[in-house]
Amino acid sequence: MPGLSTMSDEREVWQMFRSRDEYAEPFRIKVVEMLRETTREERETLIKEAGYNAFSLPSDAVYIDLLSDSGTSAMSDRQWAGLMLGDEAYAGSRNYFNLKGSVKDIMGFDFVAPAHQGRGAEHVLMSALVKEGDRVLGNMHFDTTEGHILLRGAEPVNCLAEQGYKVGEETLFKGDFDLRRLEDEIQKDPRKVPFVLITVTCNNNGGQPVSMKNIREVSKIARKYGIPVFFDAARFAENCWFIKHLEPGYSGKTIPEIAREMFSYGDGCTMSAKKDALVNIGGLLAFRDEAMYRKALEWQIPFEGFATYGGLAGRDMEAMARGLREVIDEAYLEERIGQVRYLGDLLLRAGIPIVRPTGGHGVYIDAAAMLPHLPRKEFPAQALVVELYIEGGIRGVELGGCAFGRVDPETGEDIWPALELVRLAVPRRVYTDRHMAQVAKALSRVKGRASSVRGLRITYQAPVLRHFTAKFERV
Ligand code: P61
């Protein structure tokens, strides 16, 4: 499939995949959790009490929860069984060695430091390797990553290729770096670049994958200047699935082979295990080089916990060790990516503007296009999150001006990010396609009354990661 980069080509590629009715979930359900439906009046009251911030809602007042795919997976029976095999020794837990074994087999890294979750791992990596005045280059840093870089007094620099910002354009591998930009940024002062970080898949612009070709080139450029390369591996398996199915030369390779090649271009990774390790809590750092690992331990031990547990119980590490092996299963990945794609297709059919192509873990709605009457300072994406909750009890997350914007401390002016999106993140192995259909119906109803949706004004904000706790009122 050489040169697949236009919209029609992309459609052809997707048509090669089996459609949703040609296969079923490769699992059956052993435990169920009942959902509660609320009335519209209840939801109006609840969201107002929550300061129009969906993070402040009690989750049992949410019918379909698409706030995050993080920590929300359904674990398998094997993972639950693994919990009973937790070895809660303070040091040298057998589950740590199992985790190390999974990381070595799947990623090829020898040195593993568990962490309580992704941002714990980021804190350790940034503390060990980033100094004040440094510049950390990436395709597009996630907000917690950016927060940790800023907390070190360093600068996060995004080198995403132009196509990654074009919401409606259906190009493949929209998580790719602009290689020229990357090299230009390095050349400004290579000594100030402690490492390059490749986020797979790229969360901020739609769960978009990074191609193997691009990863290889990024690694080559960084190596030329002696700069290490790290992965933010939160969704590594989903990225591998896209490489297998969309990149020329990879269709005959297995997901484990693709994962090994991908990680071979890096010196280590941070990972929020709450995504592609299919667990409810956990994270890790992995390194190829022992000296770097030792440096990281100097921060891991005081902040996360001893080297062989890093803020986790033995049982948590066992679930991670098992989840890492389950997530690279092709049947699992087909159903996973297929379900997210299915939701995207339903929304497209309803005329909802979404980021295209649909990414790996969620569907991202272009709130600026859906609510064009709302100016940036009235937080259109946040307003859409509020309306979707009121309409159907469905919780999405704002990834726009609130999550990624900030106030310049010197000028007091707002700095807005390029995109104004609402993400509907799909938890792994949790909801059925019929839940997805309910989401599409509720969004269509919001679309029908879009022009009357009111904007929001911020009444409280924290200095970093403000969207978690911000409070709003209606304009
Ligand atoms: C998410 F609204 N993601 O997507 P931790 N790297 C990457 C992530 O996606 C990520 C982390 C590191 C979340 C949770 C979340 O403002 C928010 O295990 C690519 O969450 O610490 C997390 O991993 C951090 C949602 C985080 C947010 C921050 O839903």
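Analyst: A helix axis here is a line fitted to C-alpha atoms over the stretch in contact, and angles run from 0 to 180 degrees between N-to-C directions. Keep in mind that this is a predicted model.

User: OK, take H7 and H8. Are they roughly parallel or roughly antiparallel?

Analyst: The axes of H7 (residues 179-188) and H8 come within 10 Å and cross at roughly 20°. Angles under 35 degrees count as roughly parallel. So H7 against H8 is roughly parallel.

User: Which residues of H8 does H7 meet there?

Analyst: The crossing of H7 and H8 is right-handed. On the H7 side you'll find Leu179, Leu182, Glu183 and Ile186. By class, the contact of H7 with H8 has five nonpolar, one polar and three charged residues. The H8 partners are Asn214, Glu217, Val218, Ile221 and Lys224.

User: H8 also packs on H10. How far apart are the axes of H8 and H10?

Analyst: H8 covers residues 212-224 and H10 covers residues 255-264, and they pack at an angle of about 25°. That angle makes H8 roughly parallel to H10. As for spacing, the axes of H8 and H10 are apart by 9 Å.

User: Is the crossing of H8 and H10 left-handed or right-handed?

Analyst: From H8, the contact uses Met212, Ile215, Arg216 and Arg223, while H10 brings Ile258, Glu261, Met262 and Ser264. Sorted by class, the contact of H8 with H10 has four nonpolar, one polar and three charged residues. The crossing of H8 and H10 is left-handed.

User: What do the buried residues of H10 pack against?

Analyst: H10's buried residues are Ile255, Ile258, Ala259, Glu261, Met262 and Phe263. They pack against H4, H8, strand E6 (229-232), helix H9 (236-246) and helix H13 (330-349).

User: Is Ser93 buried or exposed?

Analyst: Ser93 sits in the loop between helix H3 (77-83) and helix H4 (94-107). Leaving out residues up to four places away in sequence, Ser93 touches Asp87, Thr308, Gly314 and Met317. Under 20% relative accessible area counts as buried. Ser93 has 1%, so it is buried.

User: What is phi of Phe173?

Analyst: Most residues other than glycine have a negative phi. Phe173, in the loop between strand E4 (155-158) and H7, is buried at 8% relative accessible area. Phe173 isn't a glycine, yet its phi is positive, about 55°.

User: What relative accessible area does Leu278 have?

Analyst: Leu278 is in the loop between strand E7 (268-272) and strand E8 (283-287). Its phi is near 55°, positive in a residue other than glycine. Leu278 is buried, with a relative accessible area of 0%.

User: Last one: how far apart are the centres of domain 1 and domain 2?

Analyst: The chain is divided into domain 1 (10-65 + 329-474) and domain 2 (77-326). Between them, 37 residues of domain 1 contact 36 residues of domain 2. Taken over C-alpha atoms, the centres are separated by 25 Å.

Methods:
Residues are numbered from 1 along each chain as its sequence is written. This is a predicted model: local features need pLDDT of at least 70, side-chain atom pairs count only at pLDDT 80 or more; totals for chains, interfaces and linings use all residues. Side-chain values use heavy atoms; hydrogens and water are left out. Helices (H or I, at least four residues) and strands (E, at least two) are DSSP runs, numbered from the N terminus. Angles under 35 degrees count as roughly parallel, over 145 as roughly antiparallel, 65 to 115 as roughly perpendicular and the rest as oblique. A crossing is left-handed if the near helix is turned anticlockwise from the far one by less than a right angle, and right-handed if clockwise. Contact means heavy atoms within 4.5 Å. Ala, Val, Leu, Ile, Met, Phe, Trp, Tyr, Cys and Pro count as nonpolar, Asp, Glu, Lys and Arg as charged, and the others, Gly among them, as polar. Buried means under 20% relative accessible area, exposed over 50%, partly exposed in between (1.4 Å probe, protein chains only). Domain bounds come from an automatic or database domain assignment.
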